[in-house]
Every structure is written in structure tokens, then in C-alpha cells.
Amino acid sequence: MKIIINDVNRIHEAARRFVDHMDNRKVFAFYGTMGAGKTTFIKAVCETLGVEDVITSPTFAIVNEYRTKATQQPIYHFDFYRIKKLEEVYDMGYEDYFYSGALCFLEWPELVDDILPADAVKVSIAEQADGTRMLEY
């Protein structure tokens, strides 16, 4: 599937399309360069799902937990940018998150590709020459 984000003011439309096609999949790995819009898009998806918490990139914490207002279901948001070795991810108990049945959104997943669940959805986000963003998965 491809989703084009024409500008940041229309990101929630793109997020709704994404949410409509998530089905029962739980782990979404977002690939893209620095500044491609991974955090901004994940924030819009979380808001679309009903999260009212402050949504920020967990760059230093590695993982943030949010809750949807209606169901109080957890959503885990990871940022593996600062991971130096895979053992750090083992130590944080990644299995408890990835296999919890809760939604997991991962930034910089290339650093943990070897331990991603087999059914993880790989989403690429890239800035196009005209400034739009293209999501493909």
C-alpha cells in the first residue's frame, strides 16, 4: 500500500487511512532517514487511535507507553536510534513488548532487524523531491 502525505496539515487523513488498513497486525517498523517524518506520522496515528497523552519520540527512554482514552489499551512507541548493540534491547525485555498483543510502533528498526517478529509490518517513509512524504508497506 502507498500513502502520500501532501503536507503536515493533512497528516491525520493519512493516519486514518493507515489505521483503516492495520487489520490485526500489531508491530509496525518505520524505516526512513532522519527528518523523514517517522515521529510525526506515529504521533498522528496514535492521536487517530484516541491517545490524548503527550506523544514524543522516545529517543532517550527507548520506549514510551501511551494509552487510548476509550479502551486504555497500551501502545508502545520505540526509538532504537541510540542503541549501540543488540544486547541493550535484550536487556530491556523487548519480547514483553513485541509479543504482548499491544500495538508497537518502532523507529530506526534496522538496528533490531534480527529480532523483529516475523509478522512485523515494514513501513518505509521517504521525503519526495516536491516535499511530500511517501509511505509504503
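What follows is a walk through this structure, from a pair of packed helices to salt bridges and loops. Keep in mind that the model is a predicted one.

Let's start with the helices. Two packed helices are described by the angle between their axes and the distance between the axes. Here the pair is helix H1, residues 11-20, and helix H2, residues 38-48, and their axes come within 8 Å of each other and cross at roughly 70°. That angle makes H1 roughly perpendicular to H2, because anything from 65 to 115 degrees falls in that class. As for the hand, H1 and H2 make a right-handed crossing.

Who actually touches whom in this contact? On the H1 side you'll find Ile11, His12, Ala14, Ala15, Arg16, Phe18 and Val19, and they meet Thr40, Phe41, Ala44, Val45, Glu47 and Thr48 on the H2 side. Sorted by class, the contact of H1 with H2 is made of eight nonpolar, three polar and two charged residues.

An α-helix has 3.6 residues a turn, so residues three or four places apart point the same way.

Step off the end of H2 and you run into Gly50, which takes a positive phi of about 105° just after the helix. Where does Lys69 sit? Its place is in the loop between S3 and strand S4 (74-79). Between Lys69 and Val51 there are 5.9 Å, C-alpha to C-alpha, although they are 18 residues apart in sequence. Lys69 itself counts as exposed, at 55% relative accessibility, because the cut-off for that label is over 50%.

Ile62 has a positive phi of about 75° and belongs to the loop between H2 and strand S3 (63-67). Buried or exposed? Ile62 is buried, with a relative accessible area of 19%; the label only just applies, because buried means under 20%. Asp23 is another non-glycine with a positive phi, about 55° in this case. You'll find Asp23 in the loop between H1 and strand S2 (27-31), and there it is exposed, with a relative accessible area of 62%.

Asp23 also leads us to the salt bridges. How many are there in the whole structure? A search finds seven, and we'll look at some of them. Asp23 pairs up with Arg25, the closest N and O atoms being 3.7 Å apart. Arg25 counts as partly exposed at 30% relative accessibility.

Another bridge joins the side chains of Arg67 and Glu65, at 2.7 Å from N to O. Arg67 is partly exposed at 34% relative accessibility, and Glu65 is partly exposed at 41%.

Then there is the bridge between Glu136 and Lys2, with 3.8 Å between the closest N and O atoms. Glu136 lies in strand S7 (residues 133-136) and Lys2 in strand S1 (residues 2-5), so this pair ties together parts that are 134 residues apart in sequence. Glu136 is partly exposed, with a relative accessible area of 34%, while Lys2 is exposed at 51%.

Last stop: Asp113, in the loop between strand S5 (103-107) and strand S6 (121-127). What does Asp113 touch beyond its neighbours within four places in sequence? The contacts are with Tyr31 and Lys122. If you check C-alpha atoms, Asp113 and Leu86 are separated by 9.8 Å, and they are 27 residues apart along the chain. Asp113 is partly exposed, with a relative accessible area of 31%.

Methods: Residues are numbered from 1 along each chain as its sequence is written. This is a predicted model: local features need pLDDT of at least 70, side-chain atom pairs count only at pLDDT 80 or more; totals for chains, interfaces and linings use all residues. Side-chain values use heavy atoms; hydrogens and water are left out. Helices (H or I, at least four residues) and strands (E, at least two) are DSSP runs, numbered from the N terminus. Buried means under 20% relative accessible area, exposed over 50%, partly exposed in between (1.4 Å probe, protein chains only). Contact means heavy atoms within 4.5 Å. Axes are lines fitted to C-alpha atoms, for helices over the stretch in contact, and angles run from 0 to 180 degrees between N-to-C directions. Angles under 35 degrees count as roughly parallel, over 145 as roughly antiparallel, 65 to 115 as roughly perpendicular and the rest as oblique. A crossing is left-handed if the near helix is turned anticlockwise from the far one by less than a right angle, and right-handed if clockwise. Ala, Val, Leu, Ile, Met, Phe, Trp, Tyr, Cys and Pro count as nonpolar, Asp, Glu, Lys and Arg as charged, and the others, Gly among them, as polar. A salt bridge is a side-chain nitrogen of Lys or Arg within 4 Å of a carboxyl oxygen of Asp or Glu.
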